[in-house]
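Subject: Handover of a structure

Dear colleague,

Please find below the structure that I am handing over to you. My findings follow directly after it.

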Amino acid sequence: MTLLSVQNLTVRRGECPVVDAASFSIGPGECVGLIGPNGAGKTSLLRGALGLLPFEGTSSLAALPPRQRAAQAAWLPQTREIAWPMSVERIVALGRLPYLARGARLSPADQGAVDAALSRMGLQNFRTRLATALSGGEQARVLIARTLAQDTPLLMADEPIAGLDPAAQIATLQVFEALAQEGRAVLTSLHDLSLAGRYCTRLIMMGAGRIVADGPPDKILTAERLAEVFHLHANIVPTPHGPLVQPLGVIA
Ligand SMILES: Nc1ncnc2c1ncn2[C@@H]1O[C@H](COP(=O)(O)OP(=O)(O)OP(=O)(O)O)[C@@H](O)[C@H]1O
């Protein structure tokens with residue numbers, strides 16, 4: 001079974017392809033890390049696959065009508081601003097919108113999904129707090145909880161752990177790991193290569209708009225690739241929990 005299939009996906013910003021003929025499929029049980037330097041095309045690939053940017057090629061997700069798409073995949077964009085002075089619980093409950101008729105109240109099942117999402121992100125004590133009165137990292141966790149409340153087979157996230165403290169970064173990736181183990185799938189862009197190596201079952205590496213490598217973390221995170229794609233001189237330490245990447249310097 002495939003939860004997302006992208007074939008020859010090309011996204012142009014102006015004339016220039018910023019994603020060039022990307023192809024991959026994701027199935028249940030996978031936690032896929034999308035890695036690559038700034039400007040490599042990760043956000044453009046995610047947004048193209050979701051049908052949020054015009055593209056050439058095919059995406060199984062973008063082909064779905066909006067309501068079905070929202071029931072198939074939850075999306076956490078890179079921009080995290082919460083504009084509305086609503087309670088944390090109400091923001092998280094927005095994740096249930098794809099399942100609600102216009103004006104309908106949350107059913108017990110909807111409320112259960114909201115409660116589970118709050119609990120997974122350790123936000124039970126924040127339930128009644130105004131989301132706009134939280135710190136940046138707390139707001140980021142609320143928005144992750146909103147995607148969890150959507151309860152979809154696939155979760156797509158753009159740098160979800162940016163701005164989180166180290167414990168919250170690990171806790172979030174453990175949630176993603178657990179989702180995959182439950183038979184869902186996650187596709188997430190990440191800049192922390194060690195955490196990507198530790199918590200992802202597979203890494204897709206992008207460079208200059210192209211997928212340059214796709215496979216298990218220990219096969220993808222090599223010193224040669226980090227030099228070539230990231231211009232990074234790095235020490236890679238194999239551990240039982242996946243490769244640890246220690247950046248040492250920039251290759252001019
Ligand atoms: N609105 C835009 N108009 C023109 N070019 C854009 C636009 N947004 C992004 N780009 C360009 O598209 C390329 C890919 O950008 P994208 O945001 O997909 O990269 P990324 O890998 O997600 O980077 P980062 O790690 O910095 O978030 C970059 O060269 C960027 O300058």
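By class, the shell around the ligand comprises 7 polar, 2 nonpolar and 2 charged residues. Please bear in mind that this is a predicted model.

The residues around the ligand are Arg 13, Gly 14 and Val 18, then Gly 36, and finally the run Asn 38, Gly 39, Ala 40, Gly 41, Lys 42, Thr 43 and Ser 44. Helix α1, which spans residues 42–49, supplies the largest share of this shell, with 3 residues.

A second point concerns a pair of helices. Two packed helices are described by the angle between their axes and by the distance between those axes. Here, helix α4 (residues 108–120) packs with helix α5 (residues 136–149) at an angle of about 140 degrees, and their axes are 8 Å apart. Angles over 145 degrees would count as roughly antiparallel and those from 65 to 115 as roughly perpendicular; α4 and α5 are therefore oblique to each other. The crossing in which α4 passes α5 is right-handed.

On the α4 side, the residues that meet α5 are Ala 113, Val 114, Ala 117, Leu 118 and Arg 120, while α5 contributes Ala 145, Leu 148 and Ala 149. By class, this contact of α4 with α5 has 7 nonpolar residues, 1 charged residue and no polar ones.

Finally, as to annotation, an unreviewed UniProt entry carries "domain: ABC transporter" over residues 4–233. Across residues 4–233, the chain is 36% helix and 25% strand, and the end C-alpha atoms lie 34 Å apart.

With kind regards

Methods
Residues numbered from 1 in each chain as written. Predicted model: local features only at pLDDT ≥ 70, side-chain atom pairs only at ≥ 80, totals over all residues. Axes fitted to C-alpha atoms, helices over the stretch in contact; angles between N-to-C directions. Helix = DSSP H or I, 4+ residues; strand = E, 2+ residues; numbered from the N terminus. Parallel < 35°, antiparallel > 145°, perpendicular 65-115°, else oblique. Left-handed = near helix turned anticlockwise from the far one by under 90°. Contact = placed C-beta atoms within 7 Å. Nonpolar A, V, L, I, M, F, W, Y, C, P; charged D, E, K, R; others polar. Near = placed C-beta within 6 Å. UniProt positions renumbered as here; feature names shortened; annotations may be inferred.
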